[in-house]
Amino acid sequence: MKKLLLAFAFVLVSQIGFAQENASKEDVSEVIEKSGNSGQMSAARTQMLTMIPQDKHAAFLVDFDILMKKVNDATVEIYMQEYSKEDIKAMLAFYNSPVGKKMAVKSEKIANKSQESMASLQGEIQALMMKYIP
């Protein structure tokens, strides 16, 4: 009987420990949207379009959007595993604040500038890698 009570207590305690309430998928999607992630994806899409012939842009954009839906769904799942409902609510509060909104608006511009900056350093990055790769 003691073993049964001990087992029951263990199960109860472990369930309480793992009973963290998850945020809704809608709230998590909103965090991802408001974080400016779409601006970064837009910058990447624009850059990729420069490498694709004009007559294939429409088909590429359809395929790109399907792929980005999969990426977004996977990201939502990761956020739901890593953040509590309270975390997501706090993120939403931040992204709904003036500075949070400013970050989202500027995300594409910052992503473009970051890509340009990295491109200008590409030679230095290659030189560094060659220094350490036998």
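This note comments on the largest pocket of a predicted model and on two of its residues, Asp 27 and Asn 37.

1. Basis. The model is predicted: local features need pLDDT of at least 70, side-chain atom pairs count only at pLDDT 80 or more, and totals for chains, interfaces and linings use all residues. Residues are numbered from 1 along each chain as its sequence is written, and side-chain values use heavy atoms, with hydrogens and water left out.

2. The largest pocket. This pocket holds about 260 Å³ of space. Its lining has 13 residues, and those closest to the centre are Glu 33, Asn 37, Ser 38, Met 41 and Asn 72. Two or more lining residues come from each of helix 2 (25–34), helix 3 (37–49) and helix 4 (57–82). By class, the lining has 5 nonpolar, 5 polar and 3 charged residues.

3. Terms for point 2. On a 1 Å grid over the protein atoms alone, a pocket is an open set of points where a 1.4 Å probe fits, with protein on both sides within 12 Å along at least five of seven lines; lining residues have an atom within 4 Å of a point. A volume is the space filled by probe spheres set on the points, which are joined across faces, edges and corners. Helices are DSSP runs (H or I, at least four residues), numbered from the N terminus. Ala, Val, Leu, Ile, Met, Phe, Trp, Tyr, Cys and Pro count as nonpolar, Asp, Glu, Lys and Arg as charged, and the others, Gly among them, as polar.

4. Asp 27. This residue lies in helix 2. Asp 27 counts as buried because its relative accessibility is 15% (buried means under 20% relative accessible area, exposed over 50%, partly exposed in between, with a 1.4 Å probe and protein chains only). Not counting residues up to four places away in sequence, Asp 27 touches Ile 88, Lys 89 and Leu 92 (contact means heavy atoms within 4.5 Å).

5. Asn 37. This residue belongs to helix 3 and is partly exposed, with a relative accessible area of 26%. Asn 37 and Asn 72 are 35 residues apart in sequence, and their C-alpha atoms are 9.5 Å apart in space.
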